[in-house]
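Q: I am new to this structure and would like to learn how to read its features one at a time. Could you take me through them slowly, giving the idea and then the case?

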Amino acid sequence: MLYFLVAVAILALAAYILVIYQIGSNRKKIKILETRQLELANHPQDGKIQKIDALNLSGESLSSYQKWGTTYHTLTTAGFDKINEILTTAQDDNSMVHFPTSKKVIRQAESALGDAEKQMAEVSEAFDKILEKAKQNEQKVAALKARHQDLRKQLLTQSFAFGPALTALENQLTTIENGFDNAEKLNHSSDYLEEQNALNQVDKQIDQLEAHIIAVRPLYAQVVNDFTSQLDEQQQGFDVLRKQQFLFPAVDVPGEIAKLRRFQMTTLQILGQLDIDMVKNRNKQEGEKIDHIYEVMQTEIDSQTFVKAEQDRLNQFFAHAQRQNQNLLNELDHLNQSYIFTNDELTTTQALRQKLHELQSSFDQDIQAVAEKNAIYSVVAADFKKYRETLKETETTQVSIHEKVAALHKGEQLALTSVKDFEATVRNVKRRVSQFNLPGLSKDYLDFYYVVVDEVNQLKHDLNQVKIDLDQITKQLMLTQKDIDLLKQKTEDLIDAAYLGQQMLQYANKYRSENTDVANAVSDATHLFNIEYNYSAALDRVATVIEQLEPGAYKKIEDSYYQSKKNSLV
(Lines give C-alpha, C1' and ligand atoms only; values in the text may rest on other atoms or scores of the structure.)
Protein backbone atom coordinates (compact mmCIF):
# COMPACT_ATOMS: atom_id res chain seq x y z
CA MET A 1 0.00 0.00 0.00
CA LEU A 2 2.87 2.29 0.87
CA TYR A 3 4.54 1.67 -2.51
CA PHE A 4 1.34 2.45 -4.30
CA LEU A 5 1.02 5.77 -2.53
CA VAL A 6 4.63 6.63 -3.31
CA ALA A 7 4.11 5.83 -7.00
CA VAL A 8 0.98 7.95 -7.11
CA ALA A 9 2.84 10.81 -5.46
CA ILE A 10 5.65 10.55 -7.96
CA LEU A 11 3.26 10.58 -10.92
CA ALA A 12 1.40 13.53 -9.45
CA LEU A 13 4.69 15.36 -9.00
CA ALA A 14 5.71 14.60 -12.59
CA ALA A 15 2.37 15.79 -13.90
CA TYR A 16 2.67 18.96 -11.88
CA ILE A 17 6.18 19.60 -13.17
CA LEU A 18 4.98 19.04 -16.78
CA VAL A 19 2.08 21.46 -16.29
CA ILE A 20 4.38 24.08 -14.78
CA TYR A 21 6.82 23.65 -17.73
CA GLN A 22 4.08 23.89 -20.35
CA ILE A 23 2.59 26.97 -18.74
CA GLY A 24 6.00 28.62 -18.64
CA SER A 25 6.76 27.71 -22.26
CA ASN A 26 3.46 29.10 -23.53
CA ARG A 27 3.88 32.22 -21.40
CA LYS A 28 7.30 32.87 -23.07
CA LYS A 29 5.79 32.50 -26.56
CA ILE A 30 2.95 34.83 -25.63
CA LYS A 31 5.44 37.33 -24.23
CA ILE A 32 7.44 37.30 -27.47
CA LEU A 33 4.28 37.86 -29.48
CA GLU A 34 3.28 40.74 -27.20
CA THR A 35 6.70 42.31 -27.70
CA ARG A 36 6.37 42.03 -31.49
CA GLN A 37 2.90 43.51 -31.28
CA LEU A 38 4.20 46.41 -29.24
CA GLU A 39 7.04 47.05 -31.70
CA LEU A 40 4.53 47.00 -34.54
CA ALA A 41 2.31 49.47 -32.72
CA ASN A 42 5.30 51.77 -32.23
CA HIS A 43 6.24 51.69 -35.98
CA PRO A 44 7.07 55.33 -36.91
CA GLN A 45 4.40 55.89 -39.57
CA ASP A 46 2.78 58.86 -37.82
CA GLY A 47 5.75 61.08 -38.59
CA LYS A 48 5.56 60.16 -42.29
CA ILE A 49 1.84 60.82 -42.28
CA GLN A 50 2.40 64.29 -40.86
CA LYS A 51 4.95 65.07 -43.61
CA ILE A 52 2.67 63.76 -46.31
CA ASP A 53 -0.29 65.70 -44.94
CA ALA A 54 1.83 68.83 -45.14
CA LEU A 55 2.26 68.23 -48.90
CA ASN A 56 -1.46 68.75 -49.53
CA LEU A 57 -1.53 65.96 -52.11
CA SER A 58 -4.00 65.78 -54.97
CA GLY A 59 -4.80 63.66 -57.95
CA GLU A 60 -3.17 60.24 -58.30
CA SER A 61 -0.73 60.98 -55.48
CA LEU A 62 -3.65 61.70 -53.11
CA SER A 63 -5.45 58.54 -54.23
CA SER A 64 -2.38 56.45 -53.51
CA TYR A 65 -1.93 58.07 -50.12
CA GLN A 66 -5.59 57.60 -49.20
CA LYS A 67 -5.39 53.93 -50.18
CA TRP A 68 -2.38 53.22 -47.99
CA GLY A 69 -3.65 55.53 -45.20
CA THR A 70 -6.84 53.50 -45.00
CA THR A 71 -4.80 50.32 -44.89
CA TYR A 72 -2.69 51.77 -42.07
CA HIS A 73 -5.76 52.91 -40.09
CA THR A 74 -7.47 49.54 -40.41
CA LEU A 75 -4.28 47.79 -39.38
CA THR A 76 -3.73 49.93 -36.26
CA THR A 77 -7.34 49.69 -35.10
CA ALA A 78 -9.22 46.56 -36.06
CA GLY A 79 -6.03 44.67 -36.85
CA PHE A 80 -4.32 45.45 -33.59
CA ASP A 81 -7.59 44.83 -31.61
CA LYS A 82 -7.89 41.41 -33.16
CA ILE A 83 -4.28 40.56 -32.25
CA ASN A 84 -4.83 41.78 -28.67
CA GLU A 85 -7.96 39.67 -28.41
CA ILE A 86 -6.16 36.55 -29.65
CA LEU A 87 -3.25 37.09 -27.22
CA THR A 88 -5.70 37.57 -24.30
CA THR A 89 -7.48 34.34 -25.19
CA ALA A 90 -4.12 32.55 -25.37
CA GLN A 91 -3.20 33.85 -21.86
CA ASP A 92 -6.54 32.74 -20.41
CA ASP A 93 -6.33 29.27 -21.93
CA ASN A 94 -2.76 28.91 -20.69
CA SER A 95 -3.71 29.98 -17.15
CA MET A 96 -6.55 27.45 -17.07
CA VAL A 97 -4.15 24.75 -18.32
CA HIS A 98 -6.06 24.35 -21.63
CA PHE A 99 -2.86 23.44 -23.38
CA PRO A 100 -4.18 22.17 -26.74
CA THR A 101 -6.45 25.21 -27.13
CA SER A 102 -3.69 27.53 -25.97
CA LYS A 103 -1.23 26.17 -28.57
CA LYS A 104 -3.80 26.61 -31.34
CA VAL A 105 -4.53 30.21 -30.34
CA ILE A 106 -0.82 31.02 -30.12
CA ARG A 107 -0.42 29.81 -33.75
CA GLN A 108 -3.32 32.06 -34.77
CA ALA A 109 -1.64 34.98 -33.04
CA GLU A 110 1.64 34.27 -34.84
CA SER A 111 -0.13 34.18 -38.21
CA ALA A 112 -2.14 37.35 -37.57
CA LEU A 113 0.94 39.18 -36.30
CA GLY A 114 2.98 38.08 -39.33
CA ASP A 115 0.28 39.42 -41.69
CA ALA A 116 0.19 42.69 -39.77
CA GLU A 117 3.97 43.09 -39.97
CA LYS A 118 3.87 42.51 -43.73
CA GLN A 119 1.11 45.09 -44.17
CA MET A 120 2.99 47.60 -42.02
CA ALA A 121 6.10 47.14 -44.17
CA GLU A 122 4.07 47.72 -47.37
CA VAL A 123 2.46 50.84 -45.88
CA SER A 124 5.87 52.17 -44.82
CA GLU A 125 7.29 51.56 -48.30
CA ALA A 126 4.33 53.28 -49.99
CA PHE A 127 4.66 56.35 -47.74
CA ASP A 128 8.41 56.47 -48.43
CA LYS A 129 7.75 56.40 -52.20
CA ILE A 130 5.30 59.29 -51.95
CA LEU A 131 7.80 61.37 -49.98
CA GLU A 132 10.67 60.32 -52.27
CA LYS A 133 8.77 61.21 -55.44
CA ALA A 134 8.16 64.70 -54.16
CA LYS A 135 11.89 65.03 -53.51
CA GLN A 136 12.88 63.39 -56.80
CA ASN A 137 10.55 65.58 -58.81
CA GLU A 138 12.14 68.66 -57.32
CA GLN A 139 15.62 67.43 -58.24
CA LYS A 140 14.52 66.31 -61.72
CA VAL A 141 12.93 69.67 -62.45
CA ALA A 142 16.21 71.39 -61.66
CA ALA A 143 18.23 69.01 -63.87
CA LEU A 144 15.78 69.21 -66.79
CA LYS A 145 15.62 72.99 -66.61
CA ALA A 146 19.41 73.16 -66.72
CA ARG A 147 19.45 71.02 -69.89
CA HIS A 148 16.58 73.04 -71.31
CA GLN A 149 18.42 76.31 -70.73
CA ASP A 150 21.58 74.93 -72.37
CA LEU A 151 19.67 73.87 -75.48
CA ARG A 152 17.76 77.15 -75.57
CA LYS A 153 21.05 79.04 -75.39
CA GLN A 154 22.45 77.03 -78.32
CA LEU A 155 19.42 77.82 -80.45
CA LEU A 156 19.59 81.51 -79.59
CA THR A 157 23.34 82.05 -79.96
CA GLN A 158 23.97 79.64 -82.86
CA SER A 159 20.74 79.98 -84.82
CA PHE A 160 22.78 80.35 -88.04
CA ALA A 161 24.02 76.76 -87.65
CA PHE A 162 20.56 75.19 -87.97
CA GLY A 163 19.23 76.82 -91.14
CA PRO A 164 15.66 75.90 -92.05
CA ALA A 165 15.49 73.46 -89.13
CA LEU A 166 15.57 76.34 -86.61
CA THR A 167 11.80 76.85 -86.65
CA ALA A 168 11.07 73.18 -85.97
CA LEU A 169 13.69 73.12 -83.22
CA GLU A 170 12.18 76.23 -81.63
CA ASN A 171 8.76 74.56 -81.79
CA GLN A 172 10.21 71.60 -79.90
CA LEU A 173 11.62 74.06 -77.37
CA THR A 174 8.17 75.60 -76.92
CA THR A 175 6.64 72.14 -76.43
CA ILE A 176 9.20 71.47 -73.71
CA GLU A 177 8.39 74.75 -71.98
CA ASN A 178 4.69 73.85 -72.05
CA GLY A 179 5.59 70.54 -70.47
CA PHE A 180 7.39 72.37 -67.67
CA ASP A 181 4.30 74.52 -67.11
CA ASN A 182 2.10 71.44 -66.86
CA ALA A 183 4.49 69.78 -64.42
CA GLU A 184 4.56 72.94 -62.32
CA LYS A 185 0.77 72.97 -62.14
CA LEU A 186 0.75 69.37 -61.00
CA ASN A 187 3.39 70.25 -58.41
CA HIS A 188 1.31 73.10 -57.07
CA SER A 189 -1.65 70.76 -56.79
CA SER A 190 0.65 68.26 -55.00
CA ASP A 191 -0.04 65.47 -57.55
CA TYR A 192 3.52 64.23 -57.49
CA LEU A 193 2.87 61.01 -59.35
CA GLU A 194 1.31 62.82 -62.31
CA GLU A 195 4.04 65.42 -62.06
CA GLN A 196 6.59 62.63 -62.41
CA ASN A 197 4.86 61.36 -65.55
CA ALA A 198 4.85 64.88 -66.96
CA LEU A 199 8.56 65.29 -66.17
CA ASN A 200 9.35 61.95 -67.82
CA GLN A 201 7.62 63.21 -70.96
CA VAL A 202 9.63 66.45 -70.80
CA ASP A 203 12.81 64.37 -70.37
CA LYS A 204 12.05 62.45 -73.59
CA GLN A 205 11.30 65.70 -75.43
CA ILE A 206 14.60 67.20 -74.30
CA ASP A 207 16.43 64.02 -75.41
CA GLN A 208 14.80 64.34 -78.82
CA LEU A 209 15.62 68.04 -79.13
CA GLU A 210 19.21 67.41 -78.10
CA ALA A 211 19.53 64.59 -80.65
CA HIS A 212 18.11 66.84 -83.38
CA ILE A 213 20.46 69.69 -82.52
CA ILE A 214 23.45 67.32 -82.62
CA ALA A 215 22.33 65.83 -85.95
CA VAL A 216 21.18 68.98 -87.72
CA ARG A 217 24.32 71.05 -87.20
CA PRO A 218 26.76 68.86 -89.27
CA LEU A 219 24.12 67.97 -91.88
CA TYR A 220 23.30 71.63 -92.51
CA ALA A 221 27.00 72.53 -92.57
CA GLN A 222 27.65 69.74 -95.07
CA VAL A 223 24.97 71.08 -97.42
CA VAL A 224 25.60 74.84 -97.23
CA ASN A 225 29.35 74.78 -96.62
CA ASP A 226 30.94 71.61 -98.00
CA PHE A 227 28.68 70.83 -100.94
CA THR A 228 28.12 74.45 -101.94
CA SER A 229 31.85 75.24 -101.94
CA GLN A 230 32.58 72.04 -103.85
CA LEU A 231 29.97 72.86 -106.49
CA ASP A 232 31.32 76.41 -106.76
CA GLU A 233 34.81 74.98 -107.16
CA GLN A 234 33.62 72.54 -109.81
CA GLN A 235 31.84 75.28 -111.74
CA GLN A 236 34.95 77.47 -111.66
CA GLY A 237 37.14 74.52 -112.63
CA PHE A 238 34.81 73.62 -115.49
CA ASP A 239 34.87 77.18 -116.80
CA VAL A 240 38.68 77.17 -116.80
CA LEU A 241 38.84 73.78 -118.51
CA ARG A 242 36.33 74.80 -121.17
CA LYS A 243 38.49 77.83 -121.97
CA GLN A 244 41.32 75.34 -122.43
CA GLN A 245 39.11 73.42 -124.90
CA PHE A 246 38.45 70.42 -122.66
CA LEU A 247 35.39 68.37 -123.65
CA PHE A 248 33.14 66.29 -121.39
CA PRO A 249 30.75 64.39 -123.67
CA ALA A 250 29.80 61.73 -121.14
CA VAL A 251 28.64 64.21 -118.48
CA ASP A 252 26.88 67.57 -118.75
CA VAL A 253 28.93 69.13 -115.96
CA PRO A 254 27.07 72.47 -115.73
CA GLY A 255 23.74 70.65 -115.95
CA GLU A 256 24.76 68.22 -113.21
CA ILE A 257 25.92 71.08 -111.00
CA ALA A 258 22.57 72.87 -111.51
CA LYS A 259 20.69 69.67 -110.67
CA LEU A 260 22.72 69.24 -107.48
CA ARG A 261 22.00 72.83 -106.42
CA ARG A 262 18.26 72.16 -106.82
CA PHE A 263 18.76 68.88 -104.99
CA GLN A 264 20.33 70.87 -102.14
CA MET A 265 17.30 73.15 -101.85
CA THR A 266 14.99 70.16 -101.53
CA THR A 267 17.33 68.63 -98.94
CA LEU A 268 17.16 71.83 -96.87
CA GLN A 269 13.38 71.75 -96.98
CA ILE A 270 13.44 68.17 -95.71
CA LEU A 271 15.91 69.22 -93.03
CA GLY A 272 13.40 71.86 -91.95
CA GLN A 273 11.00 68.97 -91.25
CA LEU A 274 13.67 67.27 -89.13
CA ASP A 275 13.63 64.10 -91.26
CA ILE A 276 17.20 63.32 -90.25
CA ASP A 277 17.47 59.89 -91.89
CA MET A 278 16.22 61.22 -95.22
CA VAL A 279 18.70 64.10 -95.13
CA LYS A 280 21.57 61.75 -94.32
CA ASN A 281 20.63 59.57 -97.28
CA ARG A 282 20.33 62.55 -99.63
CA ASN A 283 23.66 63.99 -98.48
CA LYS A 284 25.28 60.64 -99.17
CA GLN A 285 23.81 60.66 -102.68
CA GLU A 286 24.94 64.24 -103.34
CA GLY A 287 28.43 63.50 -102.04
CA GLU A 288 28.74 60.55 -104.41
CA LYS A 289 27.53 62.62 -107.37
CA ILE A 290 29.94 65.45 -106.55
CA ASP A 291 32.77 62.91 -106.32
CA HIS A 292 31.78 61.56 -109.72
CA ILE A 293 32.01 65.04 -111.27
CA TYR A 294 35.46 65.45 -109.74
CA GLU A 295 36.45 62.06 -111.20
CA VAL A 296 35.19 63.01 -114.67
CA MET A 297 37.08 66.30 -114.65
CA GLN A 298 40.23 64.78 -113.15
CA THR A 299 40.14 61.98 -115.72
CA GLU A 300 40.24 64.50 -118.56
CA ILE A 301 43.06 66.45 -116.89
CA ASP A 302 45.11 63.29 -116.32
CA SER A 303 44.33 62.10 -119.83
CA GLN A 304 45.61 65.36 -121.31
CA THR A 305 48.88 64.98 -119.39
CA PHE A 306 49.20 61.38 -120.60
CA VAL A 307 48.40 62.27 -124.23
CA LYS A 308 50.99 65.05 -124.32
CA ALA A 309 53.67 62.79 -122.86
CA GLU A 310 52.76 59.77 -124.98
CA GLN A 311 52.36 61.51 -128.34
CA ASP A 312 56.07 61.77 -129.20
CA ARG A 313 56.81 58.28 -127.88
CA LEU A 314 54.06 56.81 -130.06
CA ASN A 315 55.33 58.76 -133.07
CA GLN A 316 58.71 57.12 -132.59
CA PHE A 317 57.13 53.73 -131.99
CA PHE A 318 55.08 53.98 -135.20
CA ALA A 319 58.17 54.99 -137.18
CA HIS A 320 60.14 52.11 -135.67
CA ALA A 321 57.39 49.56 -136.37
CA GLN A 322 56.93 50.70 -139.98
CA ARG A 323 60.69 50.73 -140.58
CA GLN A 324 60.93 47.26 -139.06
CA ASN A 325 58.04 46.10 -141.23
CA GLN A 326 59.61 47.48 -144.44
CA ASN A 327 62.96 45.89 -143.65
CA LEU A 328 61.24 42.58 -143.00
CA LEU A 329 59.30 42.80 -146.27
CA ASN A 330 62.53 43.50 -148.16
CA GLU A 331 64.18 40.53 -146.46
CA LEU A 332 61.22 38.26 -147.21
CA ASP A 333 61.10 39.42 -150.83
CA HIS A 334 64.77 38.51 -151.23
CA LEU A 335 64.44 35.18 -149.44
CA ASN A 336 61.27 34.37 -151.37
CA GLN A 337 63.43 34.00 -154.45
CA SER A 338 65.34 31.14 -152.85
CA TYR A 339 63.07 29.62 -150.26
CA ILE A 340 59.48 28.45 -149.99
CA PHE A 341 57.68 29.99 -146.99
CA THR A 342 55.53 27.43 -145.26
CA ASN A 343 54.04 29.55 -142.44
CA ASP A 344 52.57 32.46 -144.43
CA GLU A 345 55.39 34.74 -143.30
CA LEU A 346 55.04 37.05 -146.29
CA THR A 347 51.24 37.25 -146.08
CA THR A 348 51.39 37.90 -142.35
CA THR A 349 53.95 40.68 -142.75
CA GLN A 350 51.90 42.32 -145.52
CA ALA A 351 48.82 42.16 -143.24
CA LEU A 352 50.85 43.78 -140.46
CA ARG A 353 51.81 46.57 -142.84
CA GLN A 354 48.13 47.19 -143.59
CA LYS A 355 47.31 47.20 -139.90
CA LEU A 356 50.13 49.68 -139.23
CA HIS A 357 48.79 51.99 -141.93
CA GLU A 358 45.30 51.84 -140.38
CA LEU A 359 46.67 52.50 -136.89
CA GLN A 360 48.78 55.36 -138.20
CA SER A 361 45.71 56.87 -139.80
CA SER A 362 43.73 56.67 -136.55
CA PHE A 363 46.68 58.08 -134.63
CA ASP A 364 46.97 60.99 -137.07
CA GLN A 365 43.25 61.75 -136.65
CA ASP A 366 43.66 61.82 -132.87
CA ILE A 367 46.68 64.14 -133.17
CA GLN A 368 44.72 66.42 -135.50
CA ALA A 369 41.80 66.52 -133.04
CA VAL A 370 44.20 67.49 -130.25
CA ALA A 371 45.76 70.18 -132.40
CA GLU A 372 42.34 71.57 -133.34
CA LYS A 373 41.24 71.63 -129.67
CA ASN A 374 38.26 69.34 -130.23
CA ALA A 375 39.69 66.15 -128.75
CA ILE A 376 38.20 64.25 -125.85
CA TYR A 377 41.38 63.50 -123.97
CA SER A 378 40.05 60.42 -122.17
CA VAL A 379 39.06 58.88 -125.52
CA VAL A 380 42.40 59.80 -127.09
CA ALA A 381 44.25 58.38 -124.08
CA ALA A 382 42.34 55.11 -124.46
CA ASP A 383 43.23 55.07 -128.17
CA PHE A 384 46.90 55.70 -127.38
CA LYS A 385 46.96 52.76 -124.98
CA LYS A 386 45.43 50.50 -127.64
CA TYR A 387 47.95 51.76 -130.21
CA ARG A 388 50.86 50.97 -127.91
CA GLU A 389 49.53 47.51 -127.12
CA THR A 390 48.98 46.73 -130.80
CA LEU A 391 52.42 48.06 -131.71
CA LYS A 392 53.99 45.82 -129.06
CA GLU A 393 52.15 42.80 -130.47
CA THR A 394 53.18 43.75 -134.00
CA GLU A 395 56.82 44.12 -133.02
CA THR A 396 56.77 40.73 -131.28
CA THR A 397 55.30 39.08 -134.39
CA GLN A 398 57.75 40.75 -136.76
CA VAL A 399 60.74 39.83 -134.59
CA SER A 400 59.53 36.23 -134.51
CA ILE A 401 59.17 36.13 -138.32
CA HIS A 402 62.61 37.69 -138.76
CA GLU A 403 64.23 35.14 -136.47
CA LYS A 404 62.59 32.29 -138.35
CA VAL A 405 63.54 33.45 -141.85
CA ALA A 406 67.01 34.53 -140.73
CA ALA A 407 67.67 30.87 -139.96
CA LEU A 408 66.79 29.77 -143.51
CA HIS A 409 70.26 30.32 -145.01
CA LYS A 410 71.92 28.75 -142.02
CA GLY A 411 69.51 25.85 -142.29
CA GLU A 412 70.36 25.47 -145.99
CA GLN A 413 74.09 25.33 -145.23
CA LEU A 414 73.50 22.74 -142.52
CA ALA A 415 71.41 20.70 -144.95
CA LEU A 416 74.17 20.84 -147.62
CA THR A 417 76.73 19.75 -145.05
CA SER A 418 74.49 16.89 -143.97
CA VAL A 419 74.03 15.70 -147.55
CA LYS A 420 77.80 15.73 -148.09
CA ASP A 421 78.19 13.69 -144.92
CA PHE A 422 75.55 11.26 -146.18
CA GLU A 423 77.39 10.84 -149.49
CA ALA A 424 80.65 10.20 -147.69
CA THR A 425 78.97 7.64 -145.44
CA VAL A 426 77.47 5.78 -148.43
CA ARG A 427 80.89 5.69 -150.15
CA ASN A 428 82.53 4.42 -146.97
CA VAL A 429 79.93 1.69 -146.67
CA LYS A 430 80.54 0.59 -150.25
CA ARG A 431 84.31 0.70 -149.77
CA ARG A 432 84.11 -1.26 -146.51
CA VAL A 433 82.01 -4.03 -148.06
CA SER A 434 84.34 -4.31 -151.06
CA GLN A 435 87.39 -4.74 -148.76
CA PHE A 436 86.14 -8.20 -147.70
CA ASN A 437 85.88 -9.62 -151.24
CA LEU A 438 82.53 -11.20 -150.52
CA PRO A 439 81.07 -13.46 -153.19
CA GLY A 440 78.07 -11.21 -153.43
CA LEU A 441 75.35 -9.24 -151.58
CA SER A 442 71.78 -10.24 -150.83
CA LYS A 443 68.90 -8.62 -152.66
CA ASP A 444 67.42 -7.22 -149.42
CA TYR A 445 70.66 -5.50 -148.51
CA LEU A 446 71.18 -4.10 -152.01
CA ASP A 447 67.57 -2.83 -152.14
CA PHE A 448 67.98 -0.97 -148.89
CA TYR A 449 71.38 0.35 -149.98
CA TYR A 450 69.94 1.83 -153.16
CA VAL A 451 66.97 3.28 -151.27
CA VAL A 452 69.44 5.22 -149.12
CA VAL A 453 71.38 6.27 -152.24
CA ASP A 454 68.14 7.52 -153.82
CA GLU A 455 67.26 9.46 -150.67
CA VAL A 456 70.61 11.20 -150.68
CA ASN A 457 70.31 11.99 -154.40
CA GLN A 458 66.80 13.37 -153.87
CA LEU A 459 68.10 15.67 -151.13
CA LYS A 460 70.83 16.89 -153.48
CA HIS A 461 68.21 17.51 -156.15
CA ASP A 462 65.91 19.41 -153.75
CA LEU A 463 68.74 21.59 -152.52
CA ASN A 464 69.77 22.43 -156.09
CA GLN A 465 66.36 23.98 -156.91
CA VAL A 466 65.95 27.73 -157.43
CA LYS A 467 63.47 27.85 -154.51
CA ILE A 468 63.82 25.28 -151.83
CA ASP A 469 61.34 24.09 -149.22
CA LEU A 470 63.63 24.00 -146.24
CA ASP A 471 60.96 22.64 -143.89
CA GLN A 472 60.36 19.65 -146.13
CA ILE A 473 64.11 19.19 -146.64
CA THR A 474 64.67 19.25 -142.88
CA LYS A 475 62.07 16.52 -142.39
CA GLN A 476 63.67 14.43 -145.14
CA LEU A 477 67.12 14.95 -143.58
CA MET A 478 65.91 13.41 -140.34
CA LEU A 479 64.43 10.40 -142.16
CA THR A 480 67.57 9.90 -144.26
CA GLN A 481 69.77 10.14 -141.18
CA LYS A 482 67.83 7.29 -139.61
CA ASP A 483 68.22 5.21 -142.79
CA ILE A 484 71.96 6.01 -142.98
CA ASP A 485 72.38 4.80 -139.41
CA LEU A 486 70.41 1.65 -140.21
CA LEU A 487 72.49 1.00 -143.38
CA LYS A 488 75.68 1.27 -141.35
CA GLN A 489 74.30 -1.22 -138.83
CA LYS A 490 73.15 -3.62 -141.55
CA THR A 491 76.61 -3.40 -143.16
CA GLU A 492 78.40 -4.22 -139.92
CA ASP A 493 76.00 -7.09 -139.25
CA LEU A 494 76.62 -8.45 -142.78
CA ILE A 495 80.42 -8.22 -142.41
CA ASP A 496 80.33 -9.84 -138.98
CA ALA A 497 78.16 -12.71 -140.21
CA ALA A 498 80.33 -13.26 -143.30
CA TYR A 499 83.61 -13.27 -141.35
CA LEU A 500 82.29 -15.53 -138.59
CA GLY A 501 80.67 -17.80 -141.24
CA GLN A 502 84.03 -18.28 -142.96
CA GLN A 503 85.72 -19.01 -139.63
CA MET A 504 83.07 -21.57 -138.65
CA LEU A 505 83.28 -23.31 -142.06
CA GLN A 506 87.02 -23.65 -141.70
CA TYR A 507 86.60 -24.94 -138.14
CA ALA A 508 83.94 -27.45 -139.28
CA ASN A 509 86.20 -28.95 -141.97
CA LYS A 510 88.13 -30.98 -139.39
CA TYR A 511 84.89 -32.85 -138.48
CA ARG A 512 83.52 -33.03 -142.01
CA SER A 513 85.00 -36.41 -142.94
CA GLU A 514 84.08 -37.97 -139.61
CA ASN A 515 80.51 -36.69 -139.13
CA THR A 516 77.70 -36.79 -141.66
CA ASP A 517 75.72 -34.01 -139.92
CA VAL A 518 78.70 -31.71 -140.09
CA ALA A 519 79.25 -32.59 -143.73
CA ASN A 520 75.63 -31.79 -144.57
CA ALA A 521 75.78 -28.55 -142.59
CA VAL A 522 78.98 -27.47 -144.35
CA SER A 523 77.38 -28.20 -147.72
CA ASP A 524 74.21 -26.22 -146.85
CA ALA A 525 76.15 -23.32 -145.36
CA THR A 526 78.48 -23.17 -148.38
CA HIS A 527 75.44 -22.91 -150.66
CA LEU A 528 73.90 -20.17 -148.54
CA PHE A 529 77.21 -18.33 -148.38
CA ASN A 530 78.36 -18.53 -152.02
CA ILE A 531 75.10 -18.79 -153.93
CA GLU A 532 72.40 -16.98 -151.92
CA TYR A 533 74.77 -14.57 -150.10
CA ASN A 534 72.78 -15.17 -146.93
CA TYR A 535 75.74 -14.96 -144.60
CA SER A 536 73.78 -14.89 -141.35
CA ALA A 537 71.78 -18.02 -142.32
CA ALA A 538 75.03 -19.81 -143.33
CA LEU A 539 76.56 -18.92 -139.96
CA ASP A 540 73.51 -20.18 -138.05
CA ARG A 541 73.51 -23.50 -140.00
CA VAL A 542 77.12 -24.49 -139.36
CA ALA A 543 77.31 -22.94 -135.86
CA THR A 544 74.32 -24.95 -134.65
CA VAL A 545 75.93 -28.31 -135.65
CA ILE A 546 79.35 -27.41 -134.22
CA GLU A 547 77.78 -26.36 -130.91
CA GLN A 548 76.06 -29.73 -130.65
CA LEU A 549 79.33 -31.49 -131.36
CA GLU A 550 81.60 -29.17 -129.39
CA PRO A 551 79.71 -26.91 -126.98
CA GLY A 552 81.31 -23.45 -126.53
CA ALA A 553 83.29 -23.63 -129.74
CA TYR A 554 81.21 -20.92 -131.50
CA LYS A 555 81.31 -18.61 -128.46
CA LYS A 556 85.08 -18.89 -128.35
CA ILE A 557 85.46 -18.03 -132.06
CA GLU A 558 82.93 -15.18 -131.74
CA ASP A 559 84.66 -13.60 -128.70
CA SER A 560 88.02 -13.82 -130.43
CA TYR A 561 86.63 -12.10 -133.53
CA TYR A 562 85.01 -9.20 -131.71
CA GLN A 563 88.08 -8.66 -129.56
CA SER A 564 90.28 -8.61 -132.67
CA LYS A 565 87.80 -6.23 -134.36
CA LYS A 566 87.87 -3.92 -131.37
CA ASN A 567 91.65 -3.85 -131.25
CA SER A 568 92.30 -3.43 -134.93
CA LEU A 569 89.09 -1.63 -135.95
CA VAL A 570 88.56 -4.20 -138.65
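A: Let us begin with a charge and a ring: the charged end of Lys490 sits over the ring of Phe448, 5.4 Å from its centre, where sitting over a ring requires NZ of Lys or CZ of Arg within 6 Å of the ring centre and within 35 degrees of the ring normal. In the same way, the charged end of Arg282 sits over the ring of Phe263, at 3.8 Å from the ring centre.

Q: What kind of model is this, and how are its residues numbered?
A: This is a predicted model, in which local features need pLDDT of at least 70 and side-chain atom pairs count only at pLDDT 80 or more, while totals for chains, interfaces and linings use all residues. Residues are numbered from 1 along each chain as its sequence is written, and side-chain values use heavy atoms, with hydrogens and water left out.

Q: How should I read a pair of aromatic rings, and how many aromatic pairs does the structure hold?
A: A pair of aromatic rings is described by the distance of the centres and the angle of the planes. The structure holds ten aromatic pairs, counting rings of Phe, Tyr and Trp (its six-membered ring) whose centres lie within 6.5 Å, with planes under 30 degrees apart called stacked, over 60 edge-to-face and the rest tilted. One of them joins Phe363 and Phe384, which are tilted at 45° with 5.4 Å from centre to centre. This pair links distant parts of the chain, since Phe363 belongs to helix 9 (residues 345–371) and Phe384 to helix 10 (residues 377–435), 21 residues apart; helices here are DSSP runs (H or I, at least four residues) numbered from the N terminus. Both Phe363 and Phe384 are buried, meaning under 20% relative accessible area, whereas exposed means over 50% and partly exposed lies in between (1.4 Å probe, protein chains only). Ring pairs also link Phe318, Phe363, Phe384 and Tyr387 into a cluster.

Q: Which residues of helix 14 are buried, and which are exposed on the other side?
A: In helix 14, the buried residues are Tyr535, Ala538, Leu539, Val542, Ala543, Val545 and Ile546. Seen down the helix axis, these buried residues fall within an arc of 165° and so line one face of helix 14, the arc being that of the directions from the axis to the C-beta atoms. On the other side of helix 14, Asp540 and Gln548 are exposed.

Q: How do I read a salt bridge, and how many does a search of the whole structure find?
A: Side chains of opposite charge can pair when their charged atoms come close. The search finds twelve salt bridges, each a side-chain nitrogen of Lys or Arg within 4 Å of a carboxyl oxygen of Asp or Glu. Among them, Lys386 and Asp383 meet at 3.8 Å, N to O, and both lie in helix 10, three residues apart, about one turn of the helix. Lys386 is exposed, at 53% relative accessibility, whereas Asp383 is buried, at 15%.

Q: Where do Arg432 and Glu492 lie?
A: The side chains of Arg432 and Glu492 meet in a salt bridge of 2.6 Å, N to O. Arg432 lies in helix 10 and Glu492 in helix 12 (residues 470–512), so the pair ties together parts that are 60 residues apart in sequence. Arg432 counts as buried at 17% relative accessibility, while Glu492 is partly exposed at 23%. Arg432, Glu492, Asp496 and Lys565 are linked in a network of salt bridges.

Methods:
Helix = DSSP H or I, 4+ residues; strand = E, 2+ residues; numbered from the N terminus.
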